[in-house]
Amino acid sequence: MRRSVLLPVLLLTLATATPAGAAPPPRAAPVTLAAAPVQVYGAWHCGNDFCTWGTVRTVTEFDSQNHWLVDRGDGRPSVNLAVLSFVNPLALLHQTTDASTLDGVPRGITPEIVGYFTSRGVRVMLSIGGITYTDDWDAALAENPTLLGQRAAAVASRLGVGIEIDYEQNTGPNLAGLQSFIDAYRAVHPYDATGARPEARLTIDVAAGDRWLIDLNRKATADWLRTDAPVLDYANAMVSARPVSASTAQASWQEHVDGKPQYSPPVPPLAPAKFSGGLYLAYGGKPLPECVDYATSVQRAAAPYVQTVAPKGAGVTAGMLGFMFWAAERPSTRGIGTVPPNTCEGGAGAGATALAVPVPMPALRQS
């Protein structure tokens, strides 16, 4: 019995052994992913009154507080996108006019302020919502989501801007209502892959990773951010509760790329070319490297990941679209913001140079 077992083993060993002197099989060459260009490099902008935009401002005064956005020090803008934040969705639906709002739009969001950016090649969008207006999103979507979409489209046409959906309802979001809003908007401004029409740009905010705003993220990823049948242009993975390291930010963004197959129902993977990553530009009473020191900033450390992250089931090209920064001027009643002397030419502006950010924003990768 012992001999009958050993003989086949010996024959198998001889048959599969590498002959003496033979070279080992060649190893596969490591795959190096080409770095995708950073196409989205923008800042949410909260105005001078903590994201309400309730006061009309002159261009001269606005420039005195925000010049770094349109001049990184050599005459070129520091960003290629400004997202003016926020429009109250319920006020927009009702076309409210009061001390701080005109026909549903904050009085500080004027054609002159939009032109301040667009005349320099910086794309402008309006963000509808924000965490403060979550209940108003719910109320507007319950009342008449189609009319809300039509009125958002009308404002986009009048100002020549795009629209961002920032609906931060974590529990039971009105997804049917939001679908109606999107359908109504797209009936006026169809999806435009070229990006040539600013008002056709329609985006959505999702959480930093896949573990908050789960229902919204699942719906957006499955139905609105597909590369084969796109409805929305892209998503912004928002900032976390506080500034984090590059590795922590990347772990959150990777959740979008991977999806959450273990959830019931699962969250599908999101193509890297269909989202940007959010980072803090201003937080608290001390300037952040994102604003003042690109060499030590999170965006510099995270750029290799952002430009090379591989798709994991959705999309075919590597690399996210880029970065979004929270937030310009005065995002909070506490903190220094990005006003003089704490302006951001040395952080975001230097990053625009180092990353060769195109101004104006080009047509975005679609897959």
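Some ground rules before we start. The model is predicted, so I use local features at pLDDT of at least 70 and side-chain atom pairs only at pLDDT 80 or more, while totals for chains, interfaces and linings use all residues. Residues are numbered from 1 along each chain as its sequence is written, and side-chain values use heavy atoms, with hydrogens and water left out.

Two terms come up all the time. Buried means under 20% relative accessible area, exposed means over 50%, and partly exposed is in between, with a 1.4 Å probe and protein chains only. Helices (H or I, at least four residues) and strands (E, at least two) are DSSP runs, numbered from the N terminus.

Let's take the rings. How many aromatic pairs does the structure hold? It holds 14. Rings of Phe, Tyr and Trp (its six-membered ring) pair if their centres lie within 6.5 Å; planes under 30 degrees apart are stacked, over 60 edge-to-face, and the rest tilted.

Look at Tyr-41 and Phe-325. Their ring centres are 5.2 Å apart and their planes meet at 80°, so this pair is edge-to-face. Where do the two residues sit? Tyr-41 is in strand β1 and Phe-325 is in strand β10.

Next pair: Trp-137 and Tyr-167. The centres are 5.4 Å apart and the planes are at 40°, so we call the pair tilted. Trp-137 lies in helix α5 (residues 134–143). Tyr-167 lies in the loop between β6 (162–166) and α7 (175–188). The pair therefore ties together parts that are 30 residues apart in sequence. Trp-137 has a relative accessible area of 0%, so it is buried. Tyr-167, at 1%, counts as buried too.

Ring pairs also build a cluster. Its members are Tyr-41, Trp-253, Tyr-305, Phe-323 and Phe-325.

One more ring, with a charge this time. A charge sits over a ring if NZ of Lys or CZ of Arg is within 6 Å of the ring centre and within 35 degrees of the ring normal. The charged end of Arg-120 sits over the ring of Tyr-116, 4.6 Å from the centre.

Tyr-305 from the cluster takes us to helix α11, residues 298–308. Its buried residues are Val-298, Gln-299, Ala-302, Ala-303, Tyr-305, Val-306 and Gln-307. What do they pack against? The partners are β1 (40–45), α9 (246–258), β9 (275–280), α10 (289–292), β10 (322–328) and α12 (345–354).

Now disulfides. A disulfide is a covalent bond between the sulfur atoms of two cysteines. Here the cut-off is sulfur atoms within 2.5 Å. The structure holds two disulfides.

One joins Cys-46 to Cys-51, S to S 2.1 Å. With 70° about the S-S bond, this link of Cys-46 and Cys-51 is right-handed. Cys-46 is buried at 0% relative accessible area, and Cys-51 is buried at 8%.

Cys-291 and Cys-344 form a disulfide as well, with their sulfur atoms 2.0 Å apart. Is it left-handed or right-handed? The torsion about the S-S bond is about -90°, so this disulfide is left-handed. Cys-291 lies in helix α10 and Cys-344 in the loop between β10 and α12, so the pair ties together parts 53 residues apart in sequence. Both Cys-291 and Cys-344 are buried. Number the bonded cysteines in sequence order, and the pairing reads 1-2, 3-4.

Gln-169 is buried at 15% relative accessible area. Thr-171 is exposed at 62%. The side chain of Gln-169 reaches the backbone nitrogen of Thr-171 at 3.1 Å. Contact means heavy atoms within 4.5 Å. Not counting residues up to four places away in sequence, Gln-169 touches Thr-134, Asp-138 and Leu-213.

Last stop: strand β7, residues 202–206. Five of its five residues are buried, so β7 is largely enclosed by the rest of the structure. In a regular strand the side chains alternate between the two faces of the sheet. In β7, Leu-202, Ile-204 and Val-206 point one way, and Thr-203 and Asp-205 point the other way. Strands pair if DSSP finds at least two bridges between them. Three bridges join β6 to β7, and the two run parallel. Ile-165 stands opposite Ile-204 in β7.

Notes:
Polar contact = N/O pair within 3.5 Å; in protein donor to acceptor, adjacent residues only side chain to side chain.
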